[in-house]
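Reader: I have a structure to get through today. Can you walk me through it?

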Amino acid sequence: SPRKPADQRRVSRLRSAAPVHGARAAHAALLFAALLCSCASAQAALIDAINAVRLRGCAGHAASTPLRSERKLDDAARRIGRGASLNAALAAADYTARFSAEMHVSAAGGDAGLVALLESHFCAQLVDPAERDIGIARAADEAWLVLASPLVLPQARDAPAISRRVL
């Protein structure tokens, strides 16, 4: 179903003014790695909370399978956060989707608030059994989520079996 464009804002990138050398570089690398690990575990916890809603259900519907974290969809969500359309973001992230949906939430007040807003405003998308994968991008108090299922095309070696089914 057609969606209205989300309220999307540009996200600027921060760049270091000067290169870092020696021990400072090692310290900066360790700090960056720790930040990535904490972000990854925070994102995993958010996906677990979203999956709890998905499996428990809302508005009388539930899904039977959890969503899987997909890095390509994280990339697509970041692109949407920078103003790309869903189709352009999926193409740039090299994810060919059979089904897809995007969500944008602002000022949710942390993960619990985000999950509550998703449950109350995007229940149909969260429990849609056609959706298999999830990607998330966050900036300040905003979050962009992409739910999708990959398009799986038959392999050439499957041609005889497909021909038998068609004929």
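Author: One term to begin with. Buried means under 20% relative accessible area, exposed means over 50%, and partly exposed lies in between (1.4 Å probe, protein chains only). R68 has a relative accessible area of 47%, so R68 is partly exposed.

Reader: What should I know about the model itself?

Author: It is a predicted model: local features need pLDDT of at least 70, side-chain atom pairs count only at pLDDT 80 or more, and totals for chains, interfaces and linings use all residues. Residues are numbered from 1 along each chain as its sequence is written, and side-chain values use heavy atoms, with hydrogens and water left out.

Reader: Back to R68. Which side chain does R68 meet in a salt bridge?

Author: D133, at 2.7 Å from N to O. A salt bridge is a side-chain nitrogen of Lys or Arg within 4 Å of a carboxyl oxygen of Asp or Glu. This pair links distant parts of the chain: R68 is in strand β1 and D133 in strand β3, 65 residues apart. Helices (H or I, at least four residues) and strands (E, at least two) are DSSP runs, numbered from the N terminus.

Reader: Is D133 buried or exposed?

Author: Buried. Its relative accessibility is 3%.

Reader: How many salt bridges are there by that rule?

Author: The count is 5. One of them joins R138 to D111, with the closest N and O atoms 2.5 Å apart. That pair also links distant parts of the chain: R138 is in β3, D111 is in helix α4, and 27 residues separate them. R138 is partly exposed at 43%, and D111 is partly exposed at 28%.

Reader: β3 keeps coming up. How many of its residues are buried?

Author: 5 of 7, in a strand that spans residues 133–139. So β3 is largely enclosed by the rest of the structure.

Reader: Which strands does β3 pair with?

Author: β1 (residues 68–69) runs parallel to β3, joined by 2 bridges. Strand β4 (residues 142–150) is antiparallel to β3, over 7 bridges. Two strands pair if DSSP finds at least two bridges between them. I134 in β3 stands opposite S69, and I134 also stands opposite L147 in β4.

Reader: What lies between β3 and β4?

Author: A turn. The two strands form a hairpin with 2 residues between them, and A140 in the turn has a positive phi of about 55°.

Reader: New topic. How many residues does the largest nonpolar core have?

Author: 21, and I50, L114, L118, I134, I136 and L145 have the most contacts inside it. α1 (22–56) gives the most to this core, with 4 residues. A nonpolar core is a set of buried Ala, Val, Leu, Ile, Met, Phe, Trp, Tyr and Cys residues joined through side-chain atoms within 4.5 Å.

Reader: What is I50 in contact with?

Author: Leaving aside neighbours within four places in sequence, I50 is in contact with L67, V115, L118, L126, I134, I136 and L145. Contact means heavy atoms within 4.5 Å. Apart from this core lies another, of 13 residues, among them I80, A89, L90 and A93.
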